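Let us look inside a protein.

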Amino acid sequence: MSEPHLFALPPGVDFPAELVAGLIERMAGQPPEAMARVELYLNTSRMLRRVREAFDRHGTRFLPRLRLITDLGRDPLSGLAPAVPPLRRRLELAQLIAQLAEAQPDFAPGAGLYALADSLADLMAEMQSEGVDPATLEALDVGEHAAHWQRSLAFIRIVARYFEADSLPDPAARQRRVVEALAERWAISPPAHPVIIAGSTGSRGATQRFMQAVAALPQGMVVLPGFDFEQPESLWDALTAGPVPAEDHPQYRFVALAGLLGLAPSQIARWRETREPSPGRNRLVALALRPAPVTDQWMRDGAGLGDLIPATEGLSLIEAPDPRSEALAIALMLREAAERGTTAALVTPDRLLTRRVAAALDRWGIVPDDSAGQPLQLTPPGRFLRHVAGLFGQKLTVESLFVLLKHPLTATGADRGNHLRFTRDLELHLRRHGPAFPDATALNTWAEGREPERILWAAWIGARLSGLDALHEMPLTDWVAVQTTLAEDLAAGPGGSVGASGLWNKDGGREALRVIEDLRREAAHGGTYSAAQYADLLSGLLQGGTVRQVQAAHPLISIQGTLEVRGQGADLVILAGLNEGSWPEPAKPDPWLSRKMRLDSGLLLPERQIGLSAHDFEQAIAAPRVVLSRAKRSADAECVPSRWMNRLTNLLSGLPEQNGPAALAAMQARGSQWLHLAAALSVPEKVPSAKRPAPRPPVDHRPKTLPVTAIKTLIRDPYAVYAARILRLRPLDPLRPEPDPRLRGTLLHEIVEAFVRARPADEPLDQARARLLQVTDTVLETEVPWPVAQRLWRARIARIADKFVADEARRAAEGTPVVIEKKGSVPLKNLDFTLTATPDRIDLLSDGQAQIYDYKSGTPPTAKEMAAFDKQLYLEAAMAERGGFEALGARPVRGMSYLRLGGAGEVATHFADPDTLAATWTGLGRLIARYFKAETGYTARRALQRTEDRSDYDHLSRFGEWEMTAPPEPEDIG
């Protein structure tokens with residue numbers, strides 16, 4: 001066997017450009033067609049694209065056969081069937097996991113069915129790639145492990161059939177088998193042309209095996225990215241010493257690969273003599289990233305780094321106060337790069353940060369070339385499909401209805417204008433009048449008697465959205481059919497076509513259609529799903545898709561994942577999100593194997609992923625100009641700097657003789673400049689604070705009629721009367737109706753009113769109680785669609801039922817109700833004003849006097865509150881004495897009572913003192929007369945009882961820009 005050929009390029013060089021230049025140098029002197037026979041395997045699509053671009057810069061020539069390493073699994077191989085589609089395998093695993101979850105409900109509680117299937121499929125792919133078969137797991141000693149791990153291992157053994165030789169292979173298994181077959185064939189008959197692997201570190205078993213096979217070929221070559229040629233021999237030995245290797249070190253994969261090939265790291269040759277942008281910086285970073293057990297060498301070896309100011313000249317450090325400031329500073333740097341015509345790349349695993357940066361760049365019309373693209377589930381088609389799936393198995397709510405109707409894809413195949421107009425009208429109606437769970441009957445009732453287009457539109461919605469709550473468990477094939485039909489019908493609109501809609505159009509629609517078609521094709525292997533499980537499955541599938549906007553992307557500005565730094569050659573590299581939990585990313589929870597079980601079986605440890613991230617960091621920070629960026633806080637929590645940034649700053653701070661602290665301060669100063677610019681960009685335009693409003697509309701526009709309930713508002717918050725009665729502004733009812741106190745009060749009034757109206761004479765107390773609860777059940781069943789609220793509110797009535805019916809018997813003995821929810825009115829003398837009232841109830845007593853009752857679901861006002869501002873019952877009594885209620889006539893009033901429909905059913909009675917009633921009526925006249933004067937303004941929050949009280953119109957009066965102690969600013973309204 002010939003000596004293995006292992007080459008590398010140092011960190012910081014333009015790997016694709018140097019790879020191509022070195023290959024051209026090696027092929028010099030050979031015929032032009034010799035290059036066409038070279039097989040060049042690369043690790044990522046971006047690397048392959050950049051290698052093509054690098055060849056283009058060398059002029060017209062034959063290109064080698066460029067391939068991706070991951071494409072090996074698709075090569076035809078005699079006797080080896082094509083790989084099973086990944087989705088089919090996951091659906092099969094989901095059925096097995098469903099059986100496990102049914103038998104052992106405490107196994108991985110809270111995890112979704114498809115999420116567990118996905119993680120198990122990843123574990124199987126890892127086992128197949130690393131060459132670990134179930135027999136290895138069988139040999140594990142799990143006696144000392146927790147019961148959970150013992151059960152999970154027993155379950156993993158169930159899927160052993162997927163590892164058998166005659167089973168259809170998964171993609172990972174087929175990749176491994178193809179590699180093994182190639183290695184066997186090449187060992188007997190090596191290819192007569194060069195075979196090269198470049199850009200991979202061999203972190204996966206199948207890839208590592210392929211690199212071993214290629215490196216052993218007579219014309220085989222492996223080119224490693226970011227190899228540290230200056231690493232001391234003692235460090236290489238330290239990486240492999242001990243029971244657990246230092247896999248979290250950025251260079252570990254290279255020493256491991258060299259060991260498999262029988263080489264020492266010092267035998268890895270340079271692919272091409274090229275100088276990295278900053279050798280001094282590379283030495284600094286390499287020392288900072290040494291394993292923790294040997295960081296005592298910092299002081300000894302740090303003296304050999306020399307002056308650190310030149311080594312860090314191209315480094316800037318941004319420590320932003322929050323993620324928003326970090327994103328804005330990064331966006332400003334990218335904007336400057338675009339204007340100067342220099343290439344810039346943002347490298348981070350934090351997708352939330354990249355979305356913030358993209359949003360900030362959008363204000364300048366810059367669309368970055370985002371390698372990860374936009375997650376399919378966040379695109380309009382992805383959101384639309386998830387909203388549709390969320391309708392199954394539950395009642396249609398007002399909120400979910402309008403989420404769909406207002407979606408930009410709904411009814412795009414028909415008359416979208418009328419659709420939006422009808423949607424707006426329906427929303428206002430359902431917000432105000434309900435029902436909370438609309439159905440076809442409610443929609444048709446709303447449209448009845450309107451124009452034909454509206455009637456057809458309402459029928460179209462009702463026909464498609466009715467009955468979805470009855471869908472609970474179905475075969476997956478049926479779910480896909482129902483989902484697709486409903487989504488296409490909603491996108492088409494009434495009388496439209498799905499082809500004319502935007503559902504399956506553009507990049508997002510085409511990717512969504514691909515996901516749906518894949519699911520439709522493999523659904524027969526999925527078994528039966530519940531509505532929730534189907535929604536979870538669809539969300540997981542959409543999450544795996546991405547949509548890229550390549551055509552609109554800026555040619556100089558890119559956003560890259562950490563793996564892609566190996567193939568980038570940007571002038572400016574921004575390493576962002578450098579906090580623990582972001583970079584490196586935390587290890588994903590593994591519900592199947594513990595860390596020790598992974599170690600014993602030879603599977604990947606979490607440290608390997610950290611080591612790969614460390615290598616990506618070491619590669620990226622070696623670029624010519626680099627910015628390190630992090631946010632100090634996220635939400636309300638302090639962020640911990642990334643371990644690599646921590647090591648770098650600590651090392652710099654501990655080397656004063658090499659000007660380390662000064663170099664660190666210069667890095668921070670360069671970064672602070674961008675933070676200052678970001679802060680300046682974020683400074684809002686100074687707008688003077690609003691004054692406390694007291695609008696003065698013309699007198700003839702002021703209200704000439706008010707109910708007694710508005711008098712309290714006129715006393716305490718006149719501005720609310722102005723907004724509601726003059727401007728006629730009404731708060732919009734919530735989109736998500738809930739059983740709130742307001743609804744509870746309305747229904748309790750309705751219950752008591754129905755009970756009193758139908759009260760027979762001499763009704764026994766037990767029958768009265770039963771009738772009260774029967775009325776309660778009828779009203780709640782009709783008006784309250786929330787089962788929990790029904791039970792709670794019924795219990796509220798049942799708790800006071802005995803006391804209430806006993807009190808009602810006494811009230812029946814004293815008088816007869818003559819006014820129940822009937823409106824009355826009394827004009828004020830010498831004023832063009834009428835006071836109205838709709839009392840809950842007024843009884844005519846046996847002595848000819850009247851007794852006024854008001855039902856309260858909450859705590860009734862105190863006597864002091866009634867005297868000061870809550871004058872509703874006093875005013876109703878004054879109106880009764882003046883003949884304001886036709887059925888009652890002019891009557892003296894004996895008293896007024898609050899009947900609490902809650903708590904202990906308390907009754908608060910206040911006697912109607914004639915002097916108090918007279919003073920109240922006189923005070924009403926003065927109050928109304930004052931507001932009939934042009935100089936009187938409707939002051940906002942004039943005398944609210946508590947400062948924390950809120951008004952429906954606080955946002956309109958801009959409360960918060962002025963304080964309660966601020967004087968009102970009258971303003972004439974024309």
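What volume does the second largest cavity have? It has about 70 Å³. A cavity is a set of points on a 1 Å grid over the protein atoms alone, where a 1.4 Å probe fits but cannot get out. Grid points are joined across faces, edges and corners, and a volume is the space filled by probe spheres set on the points.

First, some ground rules. The model is predicted: local features need pLDDT of at least 70, side-chain atom pairs count only at pLDDT 80 or more, and totals for chains, interfaces and linings use all residues. Residues are numbered from 1 along each chain as its sequence is written, and side-chain values use heavy atoms, with hydrogens and water left out.

Back to the second largest cavity. R702, P703, L706, L714, V721, F833, I928, Y931, F932 and Y938 line it; lining residues have an atom within 4 Å of a point. Nine of them are nonpolar, none is polar and one is charged. Here Ala, Val, Leu, Ile, Met, Phe, Trp, Tyr, Cys and Pro count as nonpolar, Asp, Glu, Lys and Arg as charged, and the others, Gly among them, as polar.

The whole structure holds five cavities of 30 Å³ or more. Helices are DSSP runs (H or I, at least four residues), numbered from the N terminus.

Now turn to an open space. A pocket is an open set of points with protein on both sides within 12 Å along at least five of seven lines. The second largest pocket contains about 1,700 Å³ of space. It is lined by 38 residues, with T709, K712, T713, K856 and D952 nearest its centre. By class, 13 are nonpolar, eleven polar and 14 charged.

Finally, the cores. A nonpolar core is a set of buried Ala, Val, Leu, Ile, Met, Phe, Trp, Tyr and Cys residues joined through side-chain atoms within 4.5 Å. Buried means under 20% relative accessible area, with a 1.4 Å probe and protein chains only. The largest core has 79 residues, and L476, Y534 and W592 touch the most other members. Helix α5 (residues 113-130) gives the most to this core, with nine residues. Another core, of 47 residues, lies apart from it and includes V708, L835, Y898 and I928.

Definitions and conventions
Buried means under 20% relative accessible area, exposed over 50%, partly exposed in between (1.4 Å probe, protein chains only). Helices (H or I, at least four residues) and strands (E, at least two) are DSSP runs, numbered from the N terminus.
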